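Have the structure open while you read.

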Amino acid sequence: MARGLMQQGESVVPPPARPDGRGGLGDVAAGGGMALLSLFFLINALRMPASSALWTWQNAPGLVPAAIGAVLLSLSTVLTARGLRSHRQSPTPVGSLPAWWSVAMNWGAGRVVVALAFALVFTLMMGRVPFGPLTAVFVFAMTLTFRGTTAAKAALIGIATGITVTLVFTRLFLVPLP
Amino acid sequence: MTPLSLLVEFLKILGNPVMVIAVLVGAQVGILFGMLPGLTATMALSLLTGLTFGLSVDVAIAVLIATYVGAITGGSRSAVLINIPGTPAQAAVCLDGYPLAMHGRAAEAIGLSVTASTLGTLFGVTMLAVFAPLLGQVALKFGSWEFFWLAIFGIVIAGSLTAPTDPLKGWMAGFLGLLLATVGLDGIHAYPRFTFGRVELQGGFALIPVLVGAYGMGEILSVLRRNERLVVQTRLDRVLPRIREVVRHWRHIIRSGLIGTVIGTVPGVGEDIAAWVSYDTAKRTSRSPEEFGRGSIEGLIAAETGDNACIGGATIPVLTLGVPGSAPAAVLLAALTIHGLQPGPLLAIKHPHVISEIVAIFVMATLAVFVLSVTLVRPMVRVLLIPRQALMPIVYVLAVVGSYAIAARQFDVYVMLAFGVLGFLLQAAGFPIAPLVLGFILGPMADDNLRRALTLTAGDPTPFFTRPISAILFAISALTVLSRTALPGWIVGRVAAVRSGRTAS
């Protein structure tokens with residue numbers, strides 16, 4: 001797996017970008033996502049009481065989130081519409097699933113997903129496993145995967161990091177560790 | 001603040017071994033973070049804010065300020081030696097630093113860049129010492145109307161300048177930051193907003209996990225996405241430049257110092273823009289502009305002076321208005337807040353010695369960074385060869401500890417991770433991160449002040465547009481938006497069409 005990731009990374013090609021930095025379907029997706037998020041905030045803000053014994057509409061808790069949500073929704077709509085127009089004018093080839101897969105892999109999506117998976121497992125295991133050993137295993141696994149070094153060297157880096165982090169933060173900085 | 005009070009603060013720090021060690025450690029950590037591509041000044045400050053939480057206020061602030069100065073200065077090392085800026089602030093340094101290194105003048109380029117950085121930082125800090133108290137007096141006249149527009153102004157300007165090819169995305173990032181800042185109990189009535197009954201969400205998203213996630217985690221993923229190896233091909237001899245060599249560029253130093261300081265005071269813009277504008281101005285005013293990009297000493301000095309002068313400039317609005325001038329300054333603002341020093345107009349009144357103490361720490365940190373930079377060149381070059389992929393797992397562990405340390409809550413680590421993914425996705429889609437973070441920081445200011453102002457006027461919005469400072473801030477924000485949209489072009493087109501119609505008739 002380590003070798004596979006290394007080889008993948010060596011031929012990284014940046015994703016195709018438009019000269020003006022505006023990317024048709026990418027903007028449509030980003031604008032759509034932002035529109036959904038802002039709509040979620042807007043609807044929930046409007047459901048907050050506009051007046052009560054404590055406040056009138058002028059200082060209602062939902063006023064500002066509703067206003068910002070509306071502004072963000074408008075901007076997202078502009079971005080989506082612009083992306084659609086740009087795509088219609090110069091359509092980027094959508095391609096089949098394998099073509100998308102190839103672009104994503106060249107871009108480094110596989111490495112990002114693996115890194116996120118490691119980070120998520122480390123975070124979820126916090127509090128269940130002592131922090132020092134957990135750090136050592138995490139650094140060992142990440143180093144082995146992304147650096148492509150020998151297992152012995154990765155283990156040495158992992159153990160050294162686990163011990164140093166635990167000692168420095170608990171003894172020197174007096175920081176609580178999970 | 002008088003020169004005497006500044007001297008007293010400086011001597012106090014110098015006489016305190018703990019503070020001296022804190023400054024030296026912070027400076028060295030900053031240089032390391034700055035010189036390693038992928039580790040930025042903002043990331044260094046974000047991580048250290050959480051990690052130094054247990055230290056006393058003075059020591060923690062000394063570590064953070066020294067790290068800030070060290071990181072902005074240290075980035076030139078990799079820019080000169082491997083043509084990759086250590087932090088975004090050094091992108092302009094690559095243009096002339098690397099060609100100099102290619103001509104076997106790497107040591108000279110590093111020496112000059114460190115000296116220019118030192119002079120730039122001292123220039124910016126002098127401006128901070130002079131103008132912070134004056135601006136503080138003006139800021140005392142600000143009411144809720146002005147603070148609301150200040151927040152909007154910050155987002156609009158930062159959005160425009162950090163996404164020059166597509167300001168719409170910059171503004172969207174800023175408004176998204178504002179929106180995310182509304183999660184939790186509201187600042188006036190303590191009404192739970194978007195918490196959905198979750199106790200952890202009642203306090204909102206804590207600032208440090210958000211900063212560490214958006215800048216740190218996002219950068220970790222960006223570095224791990226690629227797989228690059230660095231090669232250093234140069235030799236190093238005399239590093240310290242001759243005084244005559246520096247003095248003969250005094251015009252560029254002063255001009256870039258002024259540009260860097262002024263750009264620093266603009267909310268959310270930061271060191272990289274200061275470096276580019278200084279570089280561009282130096283090229284326009286140079287007698288030998290053809291040398292720029294081929295190893296021009298003038299270009300190198302201008303870019304370095306500009307980005308470092310921005311440090312002092314960016315700290316001015318932090319201390320006087322509670323608005324950060326750059327991304328690292330935003331973290332500094334958060335750190336000051338966490339340690340109980342609420343930055344803003346009342347800082348100088350509640351804590352009269354704080355501004356002079358911060359200025360003294362800046363001076364001390366600048367000198368420490370200079371000494372460390374010129375004495376530890378060769379060992380630092382060896383550090384530069386450590387693969388970034390090998391460092392990222394350790395940086396992630398530090399990000400986790402830093403996020404967890406503030407409140408000892410696992411929830412904050414999840415927030416860090418979530419904002420890391422959000423930041424990474426936004427960056428991949430072409431959205432800048434600085435407006436997002438600025439919006440998140442300025443969110444409570446915009447929220448509370450808009451509602452307070454409307455309450456004071458019983459819902460009448462007129463003062464937002466009639467009070468002088470408020471009207472100016474509104475006008476600048478509106479003009480910035482209009483100038484970056486298609487509207488001016490449309491108006492010009494319509495006028496031309498009407499004129500041609502009249503001519504034809």
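What follows is a short tour of a few helices and their contacts. Keep in mind that this is a predicted model. We start with helix 7 of chain A, whose buried residues pack against helices from both chain A and chain B, then go to the side of chain B that touches chain A, where helix 18 of chain B supplies the largest share.

**Helix 7 of chain A**

- Helix 7 of chain A runs over residues 151–172, so count 22 residues; its first and last C-alphas are 30 Å apart, close to the 32 Å expected at 1.5 Å a residue.
- Its buried residues are A:Ala154, A:Ile157, A:Gly158, A:Thr161, A:Gly162, A:Val165 and A:Phe169.
- Look down the axis of helix 7 of chain A and those buried residues fall within an arc of 130°, so they line one face of the helix.
- Turned away from that buried side, you'll find the exposed residues A:Ala152, A:Leu167, A:Arg171 and A:Leu172.
- What do the buried residues of helix 7 of chain A pack against? Helix 6 (131–147) of chain A, plus helix 3 (41–51) and helix 18 (388–405) of chain B.
- After helix 7 of chain A comes A:Leu174, with a positive phi near 55°.

**Helices 5 and 6 of chain A**

- Helix 5 (residues 109–125) of chain A and helix 6 of chain A have axes that come within 11 Å and cross at roughly 175°.
- The two are therefore roughly antiparallel to each other, an angle over 145 degrees being the cut-off.
- On the helix 5 side, the contact is made by A:Val114, A:Phe118, A:Phe122 and A:Met125.
- Helix 6 of chain A answers with A:Leu134, A:Phe138, A:Ala141, A:Met142 and A:Thr145.

**Where chain B meets chain A**

- In all, 52 residues of chain B are in contact with 57 residues of chain A.
- Helix 8 (167–180), helix 9 (207–225), helix 18, helix 19 and helix 20 (434–456) of chain B each supply at least two residues of the side that touches chain A.
- Helix 18 of chain B gives the largest share of that side, with ten residues.

**Helices 18 and 19 of chain B**

- The axes of helix 18 and helix 19 (residues 410–428) of chain B come within 8 Å and cross at roughly 130°.
- That makes helix 18 of chain B oblique to helix 19 of chain B.
- Helix 18 of chain B passes helix 19 of chain B in a right-handed crossing.
- The contact pairs up B:Ala399, B:Val400, B:Ser403 and B:Tyr404 of helix 18 with B:Asp412, B:Val413 and B:Met416 of helix 19.

Conventions. Residues numbered from 1 in each chain as written. Chains lettered and ligands numbered in written order. Predicted model: local features only at pLDDT ≥ 70, side-chain atom pairs only at ≥ 80, totals over all residues. Helix = DSSP H or I, 4+ residues; strand = E, 2+ residues; numbered from the N terminus. Expected span 1.5 Å × (residues − 1). Buried ≥ 20, exposed ≤ 12 C-beta atoms within 10 Å, placed from the backbone. Arc of directions from axis to C-beta. Contact = placed C-beta atoms within 7 Å. Axes fitted to C-alpha atoms, helices over the stretch in contact; angles between N-to-C directions. Parallel < 35°, antiparallel > 145°, perpendicular 65-115°, else oblique. Left-handed = near helix turned anticlockwise from the far one by under 90°.
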